[in-house]
Each structure stands twice: as C-alpha cells, then as structure tokens.
Amino acid sequence: MPEGDTVWQCARRLHSALADKVLTRSDLRVPKYATADLTGRHVLDVTPRGKHLLTRIEGGLTLHSHLRMDGSWKVYAENQRWTGGPTHQIRAILANVDRAAVGYRLPVLELLRTTDEHKAVGHLGPDLLGPDWNPETALANLLQDPARPLGEALLDQRNLAGIGNVYKSELCFLLGATPWLPVGALPADRAAQLPALAKKLLEVNRDRPVRSTTGRRGQDLFVYGRAPRPCLRCHTSIRVADQGDGSRERPTYWCPTCQTGPAPSPHRRAPSATRPRTSRRTTN
C-alpha cells in the first residue's frame, strides 16, 4: 500500500502536471460522477493529506482520491502511450494540452465541494508530511488507548496520518519493541522519540525513488519483507505474522532478539509475505 511519502510524491507529480492549467478533458468513470464535466476549469493545486489526494479545481470543487492497495495515478505526455493497466481499470482522466493524469484502479474517487473536504479527511490525525504536523498531539492520540498494540495504533490514521505497513514494522524495529507491545508499555523515553522518528523516516524518503530506513545501499529495510533472512543487526531470523489494524490483517515483520514485547504464538506466516513489493516506487 502506498504510504505517506509515496502519496506525497504522487501529489507533487500531479501538481506539476495539472496545476494552473485548464482542463481540456475530464472523465470520471464511476457511476455517481459519470456525467460530471470539469472541462474548461483550472486546476488550482494537488495536495496530499496523509494517504489521501485532494485535487482542487476552479469553482470550489475537490476531487478526492485514495490509492489503498492497488490504485495509482500516472502522468503522460501528449501522444505518450498509457501503460498503467488495461482500459477497463481507468477510473479518472484529467488532461490539459500538455499532460494527461490517469487514475487506475482507484477504490476511492469522489467529487466534493472544497468546503466539504473535512468530510473526507477531517478524521485524520496530524499529517507527518503536512503543515498541520503536531508531535505532541500525535503522541497523545497514540496513548489514548494504552492497551492497544503499538502496530495497530501506528496504522490508525486517526492518530497520525501517513504510516502504512512498511513504516509500522520499521518504526517498531527502530524503537526496539514488537508491534504487539501495548502502546502504553512503551518506555517513556522511546515513546517521546516516536513522533520525531516517524516524521524523519517519511521526510528523508519523500524525494527518493527507493525507500530506505537503514541508510545501507542494497539493504533498504531492516525487517519488512525480509523473513526469514537474518536481522541486519543481530543475525537472528526475521519473523513474520499477521496483525490486524482494525480493518484487515496485514503481514508484520519483527526481530525476536532486537525487539522486546509480546509476539503471536504460534508464528503465523503471512501468505506471499517473504518478498512483497516494498520500497521501489514508480516515478511517473
């Protein structure tokens, strides 16, 4: 799933292609908005909010989209072949005389009044890459339910916006805690470090084509996607099991030596989780 840094990159590409230009084509291929026509309107900006994208359009309109697991926005030059997937997977087209932005497999696509954006993103906590970032609020949100497993709390976008399954596993490793440790049991010094560490990871990766949390070339991540290979620190085999986030089970990775706290038993290996698509990202 695209996380906050990837969505930030996507917003930057879309903004560069569409902002301050007049739409010469608009096609929203979802039944509710099939007759909506944005042709002739200026695109004002494209703004990321956590994992959400807000494309603001002249006339007080916002096109809200969310990529979830498989969605993507691709930008193409005039006369360039579209290669993001078969035609039936296209959910949105926004084009001007120079560029076409094509949304594939978008599970969330809605046209809102800009004044109603809060209906789509108002529930989100502070955005790790946004102007509303507030580390004190983020930490207070995380600690509201001290019995909740740390991994689940990090994935809850109501606490802080932008962390997905990769950063969840990597943050827990860097904090030395398993994702199943109750968030209230995280030592106070490490809890205090958590917001700044999360922000640093997303900030340093938002301009990179390949996500890295280790700083090591060719060894981009500490634990995510590395089971059963050895830990980069202690050489213990990395483990993987499913962990819920309140909505679905997700493959979760940890080192049983470097990270303290409870773990599932028996260790349930997540299907096809050994080498998932993790850090390499498209640039169009």
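Predicted model: local features only at pLDDT ≥ 70, side-chain atom pairs only at ≥ 80, totals over all residues.
Reader: At what angle do helix H3 and helix H6 pack, and how is their relation classed?

Author: The axes of H3 (residues 135-142) and H6 (residues 188-205) are 9 Å apart, at an angle of about 125 degrees. Angles of 65 to 115 degrees count as roughly perpendicular and those over 145 as roughly antiparallel. The angle of about 125 degrees therefore makes H3 and H6 oblique to each other.

Reader: Which residues of H3 and H6 make the contact, and of what class are they?

Author: H6 contributes Ala191, Ala192, Leu194 and Pro195, and H3 contributes Pro135, Leu139 and Leu142. The contact has no polar and no charged residues. By class, its residues are seven nonpolar.

Reader: Which strands stand at the edges of the open sheet of four strands?

Author: The order of the sheet is S2-S3-S4-S8, with antiparallel pairing. Each edge strand has a single partner strand, so one side of it is left without a neighbour in the sheet. The edge strands are S2 (43-49) and S8 (108-113).

Reader: Which helix packs on this sheet, and which strands does it touch?

Author: Neighbouring strands of the sheet are turned by 20 degrees against each other on average, direction ignored. The direction of the packing helix makes about 175 degrees with that of S2. The helix is H1 (residues 4-18), touching S2 and S3.

Reader: How many residues of helix H5 are buried, and what do they pack against?

Author: H5 (residues 165-175) is mostly covered, with 10 of its 11 residues buried. Among the buried residues are Lys168 and Glu170, as well as Tyr167 and Phe173. Their partners, as a group, are H1, helix H4 (150-155), H6, strand S9 (239-244) and strand S10 (249-254).

Reader: Is His235 buried or exposed?

Author: His235 lies in the loop between H6 and S9 and has a positive phi of about 75 degrees although it is not a glycine. Its relative accessibility is 58%, and the cut-off for exposed is over 50%. His235 therefore counts as exposed.

Reader: What is the relative accessible area of Arg105?

Author: Arg105 sits in the loop between strand S7 (99-104) and S8, with a positive phi near 55 degrees. Arg105 is partly exposed, and its relative accessible area is 28%.

Technical notes:
Residues numbered from 1 in each chain as written. Heavy atoms only, no water. Axes fitted to C-alpha atoms, helices over the stretch in contact; angles between N-to-C directions. Helix = DSSP H or I, 4+ residues; strand = E, 2+ residues; numbered from the N terminus. Parallel < 35°, antiparallel > 145°, perpendicular 65-115°, else oblique. Contact = heavy atoms within 4.5 Å. Nonpolar A, V, L, I, M, F, W, Y, C, P; charged D, E, K, R; others polar. Pairing = 2+ DSSP bridges. Buried < 20%, exposed > 50% of the residue type's maximum accessible area, 1.4 Å probe, protein only.
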